[in-house]
Amino acid sequence: MTLLEAIQTSLRNAGRYNRSDMVGPAAILWTDADSQWEPLVSQLRPLMPELLTLGEYNPDEKTGPAIWLRCVIERSLPDIELPEEAIPIIYMPNVSRQTLRAFEECPSSLKPLVELQYRGAVWTQRNGRDWTVEAFLVSEDGGLGLDVARDRHTRQSMIGALGQLAVTLITRLIGKKLEAEDFDKLMIEDTPRDLLVWMNSSSETQEKWDGNKWVAFVSRCKAEYGFDPEKDGVIVAGEKLGMREDEVWKNLWRRFEESPLLYPGLPELLRRSKPSGKLIFDKEPWPGENDSEEKSLREDLLKLTTMSQAHAMQKINDLEASHGKRRDWVWARIGQSPLAKALEHLAVMAKETSQSLGGDSAEAMAYIYRDSSYRADLSAMLALGSVKSIEDNKAIEAALRSIYLPWLDDAARHFQKIVTTKPLPSGHDELPGITAEAGECLLFADSLRFDISRRLTDLAEERHLKVSSNWRWSALPTVTATAKPALSPVAEQIIGKHLGEEFQPEIKDGGKPLTIDRFRKLLTLEGYQVLSPSEVGDSDQADARAWTEFGELDKLGHTLQSKLASRIAEQLELLIERIQELLKAGWKQVRVITDHGWLLVPGGLPAVKLSKYLTECRWARCAAIKEESKVDFPMATWHWNSHEQFAYGPGVNCFSNGNEYAHGGVSLQECLIPDLLFSLSGAPPTVTAKISDIQWLGMRCRAVIDSGGAKITADLRTKPNDPGSSIASPKLVSADGRISLLVEDESLEGTVVSLVLIDPSGSVIGKQATTIGGDE
């Protein structure tokens, strides 16, 4: 990743939000008081079509005054196109966030945008200050965490080289202290970079360069590449890049491969430059060849519907052998090989479904599924989530219906046969609710299917969280109204009388239906802090316990059906961030629980006919049958009342047509649910301390530390865990908990650093970001 791509990612992340708790931001404001970032805006535009700029009216550059920008983000100007689901980003040069906050003093020209800081999001540091170039490079909390010298010359060189720095791989900047000389070197002529920039957009680039720059560029191309940009033209350059016949052109191709997104015009140039009279042996450099391979793969996948399951599995393996190599081509990295990427998951799915899911008991089937067979479901979702276009979705649908659907139905029928003989645990005695230990937060994630939970544990381990994985059976039927209260800490206070139309139990004391508000009240009376998705609660309370809910997999499944697959990764990212937020707030453990799983097959699950007049209620996968009615469908006992029974669809059948996503029935995918325990890695420190207050008097930092009398050292560092990044003289916290640290280098004023607390062993046991000199 380059600096430019890191900024792109950070800007878009500023607009992430929990869809179950709030509406999306109207826009993301990018304030830049000193216009430091302005040289990068033109480079970002090809990567971010949602990027707008505050300035003189120039619609071709998506630039204009505040009132015009308001019209654009409201999508009331049809001539200005924005990606449908993208959140508009407004770059505001010479404007600070403080200017927007001070409404009375805010210039009239900016006032149409002021309310967007409340209705939208602002790209800022954690402390609310604007991201400067230096802050983004050095910050470990949202930035790149690079080691950059803090002297005036380095700052000047850094800003001066920003255009070149933007396209430099971050890996080249890691592991050394960056000083003025390092940034100055980036300004030295870089012919490969200039040649790629020119090939990406030849006319525009030549117009931007002055005469001397152009003459020097032509001269270097002749000397280094044996190519004359003036006489040969950009088409010849594209052909030479694609043919890679000389080492210099091979090296230029490697340079392009490093950051292909920075050169969005090159794929089209290579399409136009491919020689027609030459025999092409190496197809990799030519995007048109990759397009043809994708078309061929699409056609082959669509033909799977005419094959037997065994034949279709073998065909998937053959296709993987032919097309798998394309995942290493540069075109896959820029999203032009979605089917080749999906094929990797289809091959895993074909392998895992090559054998039926057996077992002579529900527990035995669960063991096999948890050990390996879950990969069939997971790979099916990953394959479906890899594609976007309608035609590619049809191709994946053909593969899944030919191979995955028969396996899924066979497994469900075998599971149903087993549980008919020996039913799953039911009722509070056999399937008790879950209670939290002191210092533990229960996080209910609706419809977190077992295979999807494996992706969540992978994300947690990447973030160095400790994860303990377990499982349990869902209450039946596998719908939220029944299964969610069954696993809650207040399950003993709930009973069931009649299935009714909602499969909803009642409160034991009073017999009232268990609504959401009554459920939360029971939790509160039981001593649980009931937290909204944006609250972290008070983990310091004596015997603290909490319940919170997060995520919207089930809501998205019912709304989007098979398109849920494309949203799973986003939901898991938000969920792991919520877990981290709770752990950082002081909860010792976060236990993630869920109510049920689900079935998902593109093109629709099969259906059987169940007349509505025979039922009290009829859902996709389960139905309450009238007492006087007789039906020839499998039956199971309601969790809340063993005298009440419901019917469920045989195999993966639904009681209605048009369901790609459904739950409520009896299958491993619906009934086997994860039970996950998350905690921070490592043993808790034996010494604890907390920063109560920080104040700045000029360049002196004064803080109050609650250390309980322990020997604690305080320091100011640019990198919390790196003693070498100290910018003050570390001092022991006094007996009354006070500390005073002086920053002698006045050029560091305005820099974001960390006040860190260090125990006698040298371990950092506390930290808090602060700005030298104080916030504005």
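Entry 1: The model is a predicted one, in which local features need pLDDT of at least 70, side-chain atom pairs count only at pLDDT 80 or more, and totals for chains, interfaces and linings use all residues. I number residues from 1 along each chain as its sequence is written, and side-chain values use heavy atoms, with hydrogens and water left out.

I noted that strand S15 (residues 622-625) pairs with strand S17 (residues 641-648) in the antiparallel sense, over two bridges. For pairing I require that DSSP finds at least two bridges between two strands. The elements are DSSP runs numbered from the N terminus: helices are H or I with at least four residues, strands are E with at least two.

I then turned to strand S16 (residues 635-638), which is joined to S17 by four bridges, also in the antiparallel sense. Within this pair, Trp638 stands opposite Asn641 of S17. I recorded S16 and S17 as a hairpin, with two residues between them.

**Entry 2: strand S6.** I examined strand S6 (residues 440-444) and found five of its five residues buried, where buried means under 20% relative accessible area, exposed over 50%, and partly exposed in between (1.4 Å probe, protein chains only). Glu440, Leu442 and Phe444 point one way from S6, while Cys441 and Leu443 point the other way.

I asked which strands S6 is joined to by five bridges. One is strand S11 (residues 545-549), which runs parallel to S6; here the bridge partner of Glu440 is Arg545. Another is strand S12 (residues 589-593), parallel to S6 and likewise joined over five bridges. In S12, Arg591 is the bridge partner of Leu442.

**Entry 3: Ser488.** I located Ser488 in the loop between helix H25 (480-486) and strand S8 (494-495). Is Ser488 buried or exposed? Its relative accessibility is 1%, so I counted Ser488 as buried.

I listed the residues that Ser488 touches, leaving out those up to four places away in sequence: Gly433, Ile434, Phe519 and Trp547. A contact here means heavy atoms within 4.5 Å. I also checked Ser488 against Phe444 of the previous entry: the two are 44 residues apart in sequence and 9.1 Å apart in space, C-alpha to C-alpha.

**Entry 4: Glu352.** I placed Glu352 in helix H20 (residues 338-352). Its relative accessible area is 15%, so Glu352 is buried. Residues up to four places away in sequence aside, Glu352 touches Ser372, Ser373, Arg375, Ala376 and Trp407.

**Entry 5: the whole chain.** I counted 29 helices and 26 strands. The radius of gyration is 30 Å, close to the 28 Å that the globule rule gives for 776 residues, so the chain is as compact as a globular protein of that length. The radius is taken over C-alpha atoms, and the rule is 2.2 Å times the number of residues to the power 0.38. Along the principal axes, the C-alpha atoms fill a box of roughly 90 × 85 × 50 Å.

I found that buried residues make up 51% of the 776 residues. Of the contacts with a separation of 6 or more, 70% are between residues 24 or more positions apart.
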